[in-house]
Amino acid sequence: MQRIEIKELLATANFGDKVNVKGWVKAFRQKRFIQLNDGSTINNVQAVIDFENTDETLLKRISTGAAISIIGTIEESQGAGQKFDLIVESIEILGDADPEEVNKTILAPKRHSLEFLREQAHLRFRTNLFGAVFRIRHATSFAIHKYFNDKGYYHIATPIVTGSDAEGAGEMFRVSTLDPQSPPLTEDGNIDWSQDFFGKETNLTVSGQLEAELAAMALGKVYTFGPTFRAENSNTARHLAEFWMVEPEVAFNDIVDNMDLAEDFLSYICKYVMDNCADDIQFLNDRELKEDSKKPMAERNPMSLIERLTFVIDNDFERITYTEAIDLLRNSKPYKKKKFKYPVEWGTDLQSEHERYLVEKHFKKPVIIRDYPASFKAFYMRLNEDGKTVGAMDILFPGIGEIIGGSQREERYDVLVEKCKAFDIPEEEMWWYLDTRKFGTAPHSGFGLGFERMVMFTTGMANIRDVIPFPRTPGKAEF
RNA sequence: GGAAAUAUAGCUCAAUGGUAGAGCGCCUCCCUGUUAAGGAGAUGGUUAUAGGUUCGAAUCCUAUUGUUUCCUCCA
């Protein structure tokens, strides 16, 4: 008999249908009611078993966490929680779950802290919470591919092992097959990387941008969506050592086109998730409200998850320049009361306390800040006419901070060569990148979206370690 | 890399330097149209680890380890 998934069953079942359902036992009440879930939806199907005519040892094996297969008939439910029941005709235990053992895991039918769930990342998929999170993570990812595909972008695979260390986005993880105990040495006693697998020093990529630019200068509109790695020792709720990044790169786009694209893109993702994950979003929305009700007023979310997503769909982001941001901050209450720990001066980067003030206190909405001083931005960003700022833009979200960082790229060969010198980037290493500026160069722009930060927004989860199945952070690579 | 907090039963947490406790879960029994089911009972501890102070340490001190939060870095 063909198995039917619970999502389809709940949508299509008619009274009298005979079906086969397989899944994991969420709860077994009164020896009669089995709540069964198969991951296709957050919703369970309720199976009803005639316990008086069922073998006692079989009943014992229908325990929380067990995998079972049921053949039965759909009938109108006598209870209030569901429209129909699956009346069990036959039941097969596919995989037992010893209650004494289950009790030591997060499968135990009770509330668990996120920290405890994280310790059992291999099992947390089974919980309602993480089922919802990872279904939404999938939908978020799919929305990204769909958005770009529908608009004629090409997905480009950029290398994960990179031989260039000029990306400048952070500390890198070395990739090597040399014997760490006794690596080959050069005459002057340094490690001889020429004998390594690739014949040179290689690392895990921190960004696919430079390669994406090469593709954009021929295919026009491209995007990458791949893993990136940062060996930064940062222990925060919004950093991972291994994370996924989405990087569109578009020929002939200037910085304003770039901002328009980013805003339309983020709005589309939110709408897609709202339209396609209604049950999961509702569950996370209600869960957050419940959790918030235990917190003091000041720590609660000013808007619910659904309100936040709707807000991004319906409203434009605030757009200001770096210079305007500095003026705003210097006229702000916390600045005048000397509440900021870091100085606010034109020419220094904004600290998270400043960004939080602008996004969460002043504008109370997503903010795009553009035209940063060239001094603390990457070498490839296009120098503005003022000679002091570059065509960079960061998008800041409430509670998450920088979700997107992007720029118009420097397309002028001479200016870029000067920048390389100023940033101590050897030209001979960047010959392939500089070549695009020699042969038919053109204005172009792009940005990087931290995928997990986006999933934080679409799920409302507060810790980035809870939106990726197996988080990699300093000192942690379990599972 | 910096700072702080924290570590007690399977989980979440109490315990003012003086007998180690609750709720939930698991287990047993009762009930049987429940849906965070209900009722009764039972189980469960080298108080993270190693030292120290004290008549006496879960409690105070030191170190180590783990976890969390904030900062730095960014996405």
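Predicted model: local features only at pLDDT ≥ 70, side-chain atom pairs only at ≥ 80, totals over all residues.
**Asp371, a buried partner in a salt bridge.** Asp371 is buried, with a relative accessible area of 13%; here buried means under 20% relative accessible area, exposed over 50% and partly exposed in between (1.4 Å probe, protein chains only). Its salt-bridge partner is Arg370, with 3.1 Å from N to O; the term salt bridge stands for a side-chain nitrogen of Lys or Arg within 4 Å of a carboxyl oxygen of Asp or Glu. Arg370 counts as partly exposed because its relative accessibility is 23%. Elsewhere, Glu213, Glu249, Arg409 and Arg437 are joined into one network by salt bridges that share partners. By this rule, the count for the model comes to 29 salt bridges.

Residues are numbered from 1 along each chain as its sequence is written, chains are lettered from A and ligands numbered from 1 in the order in which they are written, and side-chain values use heavy atoms, with hydrogens and water left out. Helices (H or I, at least four residues) and strands (E, at least two) are DSSP runs, numbered from the N terminus.

**Glu213 and Arg409 meet in a salt bridge.** The side chains of this pair are 3.9 Å apart, N to O.

**Gln209 sits in helix 6 (residues 209-219).** With a relative accessible area of 7%, Gln209 is buried. Its side chain makes a polar contact of 2.8 Å with that of Glu213; a polar contact is a pair of N or O atoms within 3.5 Å, where within protein one must be able to donate a hydrogen and the other to accept it, and residues adjacent in sequence count only if both atoms are side-chain atoms. Beyond its neighbours within four places in sequence, Gln209 is in contact (heavy atoms within 4.5 Å) with Glu247, Glu249, Tyr380, Arg409 and Tyr433. The buried residues of helix 6 include Leu210, Ala212 and Ala216. The buried residues of this helix pack against strand 7 (161-162), strand 10 (221-229), strand 11, helix 14 (431-435) and strand 16. Just after helix 6 comes Gly220, whose phi is positive, at about 90°.

**Strand 16 (residues 444-450) is largely enclosed by the rest of the structure, because seven of its seven residues are buried.** In a regular strand, side chains alternate between the two faces of the sheet. Both faces are covered here: His444, Gly446, Gly448 and Gly450 are buried on one side, and Ser445, Phe447 and Leu449 on the other. Strand 16 pairs antiparallel with strand 11 (residues 242-251) over five bridges; two strands pair if DSSP finds at least two bridges between them. Gly446 in strand 16 stands opposite Glu249. Strand 15 (residues 401-408) also runs antiparallel to strand 16, joined by five bridges, with Gln408 as the bridge partner of Ser445.

**Glu452 belongs to helix 15 (residues 451-459).** Its relative accessible area is 0%, so Glu452 is buried. Leaving aside neighbours within four places in sequence, the contacts of Glu452 include Arg137, Trp244 and Ile468.

**Gln30 and Phe252 show positive phi values.** Most residues other than glycine have a negative phi. Gln30 has a phi of about 55° and lies in the loop between strand 1 (18-29) and strand 2 (33-37). Phe252, with phi near 75°, is in the loop between strand 11 and helix 7 (255-276). Gln30 counts as exposed at 65% relative accessibility, and Phe252 counts as exposed at 63%.
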